[in-house]
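Thanks for coming. I will talk through the charged side chains in this one and who pairs with whom. Please have a look at the structure first.

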Amino acid sequence: MVRNPSTVRLKISPEVAKIVGAGAPRDVQLAAARGALPLSGKDLLMVLFLLINGRDGELRQAGIATLKSLPAPILESNLASAGLHPKLLELVARLRISEPEVTGRIIVHPAVEESTLTYLARHGNSLTLEQLAGHQDKLESCPELIEAMLANPLRGRSLKLR
């Protein structure tokens with residue numbers, strides 16, 4: 001789970017603001033955390049991100065469960081959006097690390113941070129490591145990424161030789 005004490009500034013849609021803004025009804029927030037509101041994929045991701053990083057433990061847990069259970073194709077298509085915040089990508093990477101179809105979208109996202117890539121390299125499965133290894137530009141710009149990949153016990157022998 002992403003818990004960063006620094007302030008993150010986000011631009012949110014009016015629909016998201018109605019759900020997470022001051023004075024929003026808690027039952028609406030809980031429904032959103034459970035994925036029970038009709039929201040676009042991008043808005044749903046943003047609502048879940050904000051609720052997971054909020055102070056309400058019940059909303060946090062419901063949001064985590066929803067983000068973990070979203071069908072991969074829905075999540076993948078929304079991870080293609082260029083406007084996603086890097087911390088949202090990090091949250092998805094941490095919660096869905098065992099799914100190469102999801103991590104593959106995160107790896108190529110233009111807003112992904114080196115810390116997220118390093119986390120994937122350190123904790124990802126062999127398929128995720130192969131995806132990372134296929135991006136020479138990322139490996140060259142972040143030496144820690146190579147070290148993390150080599151330290152991962154799930155790496156295949158061919159990756160080490162590479």
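Let me start with a question: is Lys87 buried or exposed? Before the answer, a reminder that this is a predicted model. Lys87 is buried, at a relative accessible area of 15%; the cut-off for that word is under 20%.

Now, what does Lys87 pair with? Its side chain meets that of Glu113 in a salt bridge, at 3.4 Å from N to O. Lys87 belongs to helix α6, residues 86-95, while Glu113 sits in the loop between α7 (100-108) and α8 (114-123). The two residues are 26 apart, and the pair links distant parts of the chain. Glu113, for its part, is partly exposed, with a relative accessible area of 26%.

That is one bridge. How many salt bridges does the count come to? The count is seven. I will go through two others.

Take Asp56 and Arg26. They form a salt bridge whose closest N and O atoms are 2.8 Å apart. Where do the two residues lie? Arg26 is in helix α2, residues 26-33, and Asp56 is in the loop between α3 (41-52) and α4 (57-69), so the pair ties together parts that are 30 residues apart in sequence. As for accessibility, Asp56 is partly exposed at 25%, and Arg26 is partly exposed at 36%.

The next pair is Glu58 and Arg34, whose side chains meet in a salt bridge at 4.0 Å, N to O. Glu58 lies in helix α4 and Arg34 in the loop between α2 and α3, so this bridge ties together parts 24 residues apart in sequence. The cut-off for exposed is over 50%.

Back to Lys87 for a moment, which is buried at 15%. Apart from that residue, which residues are joined into one network? Salt bridges that share partners connect Arg26, Arg34, Asp56 and Glu58 into one network.

Last, the rings. How many aromatic pairs are there? The count comes to zero. There is a charge over a ring, though: the charged end of Arg94 sits over the ring of Tyr119, 4.0 Å from the centre of that ring.

That is what I have. Questions are welcome.

Terms used: Residues are numbered from 1 along each chain as its sequence is written. This is a predicted model: local features need pLDDT of at least 70, side-chain atom pairs count only at pLDDT 80 or more; totals for chains, interfaces and linings use all residues. Side-chain values use heavy atoms; hydrogens and water are left out. Helices (H or I, at least four residues) and strands (E, at least two) are DSSP runs, numbered from the N terminus. Buried means under 20% relative accessible area, exposed over 50%, partly exposed in between (1.4 Å probe, protein chains only). Rings of Phe, Tyr and Trp (its six-membered ring) pair if their centres lie within 6.5 Å; planes under 30 degrees apart count as stacked, over 60 as edge-to-face and the rest as tilted. A charge sits over a ring if NZ of Lys or CZ of Arg is within 6 Å of the ring centre and within 35 degrees of the ring normal.
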